[in-house]
Amino acid sequence: MNRTALVGLCAITLSAFATLAQAETIRIANHGQAGINAMKSTVARIEKKYGITVEVVEYPSPDKDYMTKLLTELGAGNAPDIFSAPTTAYVADMVAAGYLAPIGAEFKAWDGYANFYDVAKQLAVSPDGETYVMPFMLGIQEIYFRRDVLDKAGISTEQPKDWADLLARAAEIKEKTGAYGLLFPAGVSWGTGAFDEGFQHLLVGSKTPQLATEDGKLDLTGEGVKDVFGVYKELIDKDLMPTQPLLGPEPWVIPKYQMFPEGKLAATTCGSWCYIFDWGRESKNPIPDVEKVVGTWTIPGQTGGQYVLANLAAPWGVNAKAENLELAKKVLMEIGSVETQVSYAVQIGNIPASKAAAQDPEFQKLTELVPIHAAAENGVYLKQAAGFATVAEGVARATEALLRKETDAAGAQQILVDYAREILGEEAVK
Amino acid sequence: MVRSTYEKRVARQLLLILSPSLLLLLAFVIYPAVYSVYLSFTNEALTGAAALNPRFVGLRNYSRLLHDAKFWNSLFVTFVFVVGSAIIGQFVLGLISAIMLRRDLAFKQLFSSIILLPNAAPEVVAGFMWISMLAGGENATLSRIVMFFGMTPTDWLQTFPLTMIIVVNTWRGIATAMILLTAGLSTIPSEVYEAARMDGANPSQIFRRITLPLMMPTILLYMLISAVSTIAVFGLVYALTRGGPGGATEVISIYIYNQSFTAFQLGYGAAVAVVALVISLILGIAYVRAMKVQV
Amino acid sequence: MTDFALDKPGKSRRPDLMAYATLSLISAFCAVPFFWVLLASLDGNAQLFLSWPREWTLNNYVRVFAEEDGARWVFNSLFVVGSATLLVMVLAGLGGYALSRTRAWWKQPFLYAILLIRVLPPTALVVPLYKILLTLNNIEGNLVRMVIGGDHARAIMRWIGFIDGYLGLILVLATMQLPLALWIMKTFFDGLPRDYEEAAVMDGATMLQRIRRVLIPLALPGLAAAGLFAFISAWGDFLLPLILLSSPELQTLPLGLFRAFLRVNTIDYGFLAALAFIYLMPAVIAFGFARRFLVQTFSGGVKG
């Protein structure tokens, strides 16, 4: 009898310990110095509000290495409770793998929900109709150009009307100034950049603006895909964009941090963060008077129109195997708050997904971002489907072949189609 | 009888003191190797639906390998890398160093210390140092050197990626070759040389007729050792090029890593790994045979 | 005519000049890459390219320890690699002795098998290795939580965990160095005369006494060689800590270096070079000690 009682007592004590421990710590993954800084105030706020410890685990900074580590741990079941996906492209696959906990119900019930832009809410919806990520920041990209360089050479700084106009402008820049005319990220070492910061911006304005079919498959055979590669092909073959640095290990460093500030590259795609992070006050190689000297164009459509492509910037999700799901979801909502959004805007220069940010005094100080935030209402987006990460890698490989002048537009499309078929299987690719 | 019981006990005790090593090797080397073979028959992945429900796919990964141009490319790149750096680069420079250092030179110690130095540099550090050497632009060390000789500089890791990683791996391995070949040279008795000189052989004849043939076993052994260890080189290439540009330096260990950890296809990565294991094992068995060790 | 022949001292000066020139060239090739790390680490305004510092400073080194967790990285690296080395020395000392003295059937297959282990490419093993360590880690974690409770479980697991813990990395690093160390020790014991042991046996010494009194003192040179090689190789390993460690408290030098290289878009080369130099030094020192063992050890394989 005594023994049974003792064992029972032990069991009770143990379970008490266990629950105690579960309630105490939430582990969140973060990577990159700017991202860690942006989360600092949020972490403190969460710890205070819920009386818990938030442990921030620093992961390798480049997106590829971050994903390697994160997915290894998710697959193994020892990943942190809350983490971000570097781009939307990874989300659908992570959902398919069962790594993310659904948060739709909590997100909709949360009082911040109503203020979110529709485009952000839509982007967060996965192919199965459920929401798995907090779409708290938007990445909005445009073409940034050196107004001073163009003005001096007497080149028009008007918004280009269509692709042909854009390419003609790039050629004119090259001809009159000797500088490279236009950069679209390309190649394997830029990671998902070739897709996220280049390809899809052109694609949404092409003849076939979506990749996901109604039944959630991928259609990569559209004419638009070929035409987009055609734009790359022309930029590369006419030597309008710097191709050598793109083949190196940190392809963005030379064009964005050296050539553009020096005026040797006159236009490039870039995100709202570029005014702050790449060439502005947070930069190590700032362009003086950046807001005046650097202008922006939206990306024109193939035959006209203007397209502002909105992306989720590093959306956060909850580990489906988190020990305390409920608490983790509460913490996630805290990450969605306007304060955190503004903190990210300050540190990284992304666009808050909540309309309420417009009223925030801290955000109002970011004069570079305010107009972009206001325009986010009209953002277009790519419908998500499982396999987007593979498409991103396929686009990277296809553009790499273009960079190396090994193929033409049709051949690049074939590389993309073949790669997607090979990785995802015939059945997932139309 | 007493003697025999004692011997049995000793045998048991010897096995006992070996068993911790045995256990670690079984758990962390043998079992993973066997498990790789199993993984290679599945579509296990790190993300996507296959991560949730991995399936047994039979030989599909292997049949995919046959048509995978990047796989054949990586085999070819590995072959060139091994031949270029281990069989030619390290060997030639190692042999020259070994022969020269047998002379009674001033600064002999200094020379051999410097030649040993690259071997001590951890892979990541070696990678950084060579990024500085080989970067693009006119300021990189190699560019300055070739400009001194009136040639045009280039972005070395872009223009000659495979040649450059061969150079870097050669740099790192001269010491191993030098040490092994020095050991081999010291086994040749000096009477042989004296006899040859009496017969009026000139130095190059001595080298071709005596040194080389007598060194052949050592050379063969060296080549096997360095070939297998070069197949396993990972960190150096990873730090320098990550296999790029366009797969030009995607040696098989990098290709395995890329398939498993950047394309997240664990099953397919394992199939490539099994091929690498088989190639290494064949070379390894040749190595064991060549050693003809009495154990 | 180049003089490739050996053992012809002092016959002419010309071949010596050739030798000096060739060796100088090879040495230059070997040494030049090191200059950048050394100079950049002392340069207040270091760049990716080799240049003579305009302003000499130790500030980069100071920053490694003051601004970053340099001291922790150094400690972690020394602790993990040091422990792994000790473990290798103990296991290889015992195992090498067993392999040298046993006459059992498994002796030859075992020795050949561990030679083959040395040729397996580590990337090929990483995925399954991770899975095994994870299984062990989960079992252990549950046990720890049952016995001690969840409160301190994470702190304890940081020391004895298989994934993201010191123990796991130490064991795996040690295992990877074992084959070479076992061979070194086996060869070493083969060369030791058995007289001493037999005398001890006559005196009725047990196996333990035999090891402690006779073998350890005699085996020290061999153990030093095995330990140094294990240390150098484990010190340079990058893949295993990369895959196995996550917690900031456990970061080692190669990871700190890798992260410093990739953290921000504009790289701080002075800091990077200082960190690289700190990471380089222990390996170079160990190599200095190991030099005299190198020739003996490798020549062991050449006799056949």
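Predicted model: local features only at pLDDT ≥ 70, side-chain atom pairs only at ≥ 80, totals over all residues.
Next comes the meeting of chains C and B. Chain C puts 83 residues into the contact, and chain B puts in 94 residues. On the chain C side, the elements giving two or more residues are α1 (14-41), α3 (70-101), α4 (107-117), α5 (122-148), α7 (166-190), α9 (207-236), α11 (253-262) and α12 (269-299). Helix α1(C) supplies the largest share of that side, at 15 residues. Sorted by class, the side of chain C that touches chain B holds 66 nonpolar, 11 polar and 6 charged residues.

As for chain B itself, its secondary structure amounts to 14 helices and 0 strands. With a radius of gyration of 24 Å, well over the 19 Å that the globule rule gives for 295 residues, chain B is more spread out than a compact globule. Along the principal axes, its C-alpha atoms take up a box of roughly 80 × 75 × 30 Å. Still, 53% of the 295 residues of chain B count as buried. Taking the contacts in chain B between residues at least 6 apart in sequence, 69% link residues at least 24 apart.

One residue worth a look in chain B is B:M216, which sits in helix α11 (residues 203-231). The C-alpha atoms of B:M216 and B:G184 are 9.0 Å apart, although 32 residues separate the two along the chain.

Finally, a couple of loop residues have a backbone angle to note. B:R242 has a phi near 55°, a positive value in a residue other than glycine. B:R242 belongs to the loop between α12 (235-240) and α13 (252-262) of chain B, and it is partly exposed, with 18 other C-beta atoms within 10 Å. Over in chain A, A:K405 likewise is a residue other than glycine with a positive phi, near 55°. A:K405 is exposed, having 11 other C-beta atoms within 10 Å.

Technical notes. Residues numbered from 1 in each chain as written. Chains lettered and ligands numbered in written order. Contact = placed C-beta atoms within 7 Å. Helix = DSSP H or I, 4+ residues; strand = E, 2+ residues; numbered from the N terminus. Nonpolar A, V, L, I, M, F, W, Y, C, P; charged D, E, K, R; others polar. Buried ≥ 20, exposed ≤ 12 C-beta atoms within 10 Å, placed from the backbone. Rg over C-alpha atoms; globule rule 2.2 N^0.38 Å.
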